[in-house]
Amino acid sequence: MLIQNHLDKNFQTPAYILEEDKLRKNCELLAKVSEESGAKVLLALKGFAFSGAMDIVGEYLSGCTCSGLWEAKFAKEYMDKEIHTFSPAFKDDEIDEIINLSHHIVFNSFNQFKKFKDKASRKSLGLRCNPELSVAPKELYNPCGRFSRLGIRAVDFKNEDLSALSGLHFHALCEESAHSLELVLNAFEAKFSQFIKNMKWINFGGGHHITKAGYDVQKLIDLCKKFSDKYRVQVYLEPGEAIGWQCGTLVASVVDIVENEKKIAILDTSSEAHMPDTIIMPYTSEVLNARILSSRDGEKYSELKENEFAYLLGGNTCLAGDIMGEYAFDQELKIGQKIVFLDQIHYSIVKNTTFNGVRLPNLMLLDKNEKLSMVREFGYENYSKRN
């Protein structure tokens, strides 16, 4: 791995490193999907927002999908292409600026649609639909479950005036396959077909794991093209994780090594603050030049082999559960040694915090010429100004 060539004793940790070559590879695949299907692909900023790479993503994708004012402003500042904005509820003191920034505005309820449609009439307006079917891996990520606040059911469309509407949006996936999209798309079409035929565009939302190995890209292309041809609409896709998938790492240093029945390496990073999805999803991050022995909760992955050294990796916070997992290394760890957590660009930078006063990881870019540069460097003021 090229990153290793840059991790000398003077390398400041913690730091996220985005690798340009890997990002471009993902974007090239997404551009292929767009070209062959006719669908426009947008970057969902909620999953990947790396200011130093927005110009790269903009070479391949049509724009950004945003979850509110600040993401819309970020999209304008760093990419300045199509801006699509959805929020569960737009605030009165933000809607004017959102309208000015956005090309498409998607409302979550008829209340909000009626309230703002005249003010936003010069923009393309949409409604988020609830197809009442999701194959999300857990209820936390199911936007179509019972009592969901996200999207409008088909039954609630009855007797509503849709004349100011240009499109419909649904989002029901989370790290899902093209087969999962097909299931949701069939449910969406069955419930909303009478409204689809009057639309100019349909947004299939995000959660498409397009760049993951084994994803059926051709099936996605066929689904988009078939739907677009049938209804004569512009199809949109808005992946976030798929853009940043396996494009970067989080580098930390071993600050101390303690022993309590097991050897525990304390790092200058935190699963709670810097890798939140390893707790929320949950999953156990791969580590460069190491094997996972067990998860943070003790779930066994594999057994320790002869001549290997086992370490629990833990964060430098007071949270007792700030543990990344137990890993096997070929050599004993040393204080000051760098630990590289793989695939830590998506849903990490956008969610990280300064919990317990831990330093935010710097943002760095490894370009296609193998030059490593600083994009954002964080210090005490990033903690003090938010507290």
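Which residue just after α1 takes a positive phi? Gly38 does, with a phi of about 85°.

## Basis of the model

This is a predicted model, in which local features need pLDDT of at least 70, side-chain atom pairs count only at pLDDT 80 or more, and totals for chains, interfaces and linings use all residues. Residues are numbered from 1 along each chain as its sequence is written, and side-chain values use heavy atoms, with hydrogens and water left out.

## Helix α1

Helices (H or I, at least four residues) and strands (E, at least two) are DSSP runs, numbered from the N terminus. Helix α1 covers residues 20-37. Its 18 residues reach 26 Å from the first C-alpha to the last, close to the 26 Å expected at 1.5 Å a residue; the expected span is 1.5 Å times one less than the number of residues.

Several residues of α1 are buried, namely Glu20, Leu23, Arg24, Asn26, Cys27, Leu30, Val33 and Ser37. Buried means under 20% relative accessible area, exposed over 50%, and partly exposed in between (1.4 Å probe, protein chains only). An α-helix has 3.6 residues a turn, so residues three or four places apart point the same way.

Asn26 has a relative accessible area of 8%. Leaving aside neighbours within four places in sequence, Asn26 is in contact (heavy atoms within 4.5 Å) with Thr211, Ala242, Ile243, Gly244, Trp245 and Cys247.

## Where α1 meets α7

The axes of α1 and α7 (residues 217-231) come within 9 Å and cross at roughly 35°. Axes are lines fitted to C-alpha atoms, for helices over the stretch in contact, and angles run from 0 to 180 degrees between N-to-C directions.

From α1, Leu29, Val33, Glu36 and Ser37 meet Val217, Gln218, Leu220, Ile221, Cys224 and Lys225 of α7. These residues divide into six nonpolar, two polar and two charged. Ala, Val, Leu, Ile, Met, Phe, Trp, Tyr, Cys and Pro count as nonpolar, Asp, Glu, Lys and Arg as charged, and the others, Gly among them, as polar.

Ile210 is placed in the loop between β8 (201-203) and α7. This residue is buried, with a relative accessible area of 1%. Apart from neighbours within four places in sequence, the contacts of Ile210 include Leu29, Leu30 and Val33, as well as Val217 and Leu220.
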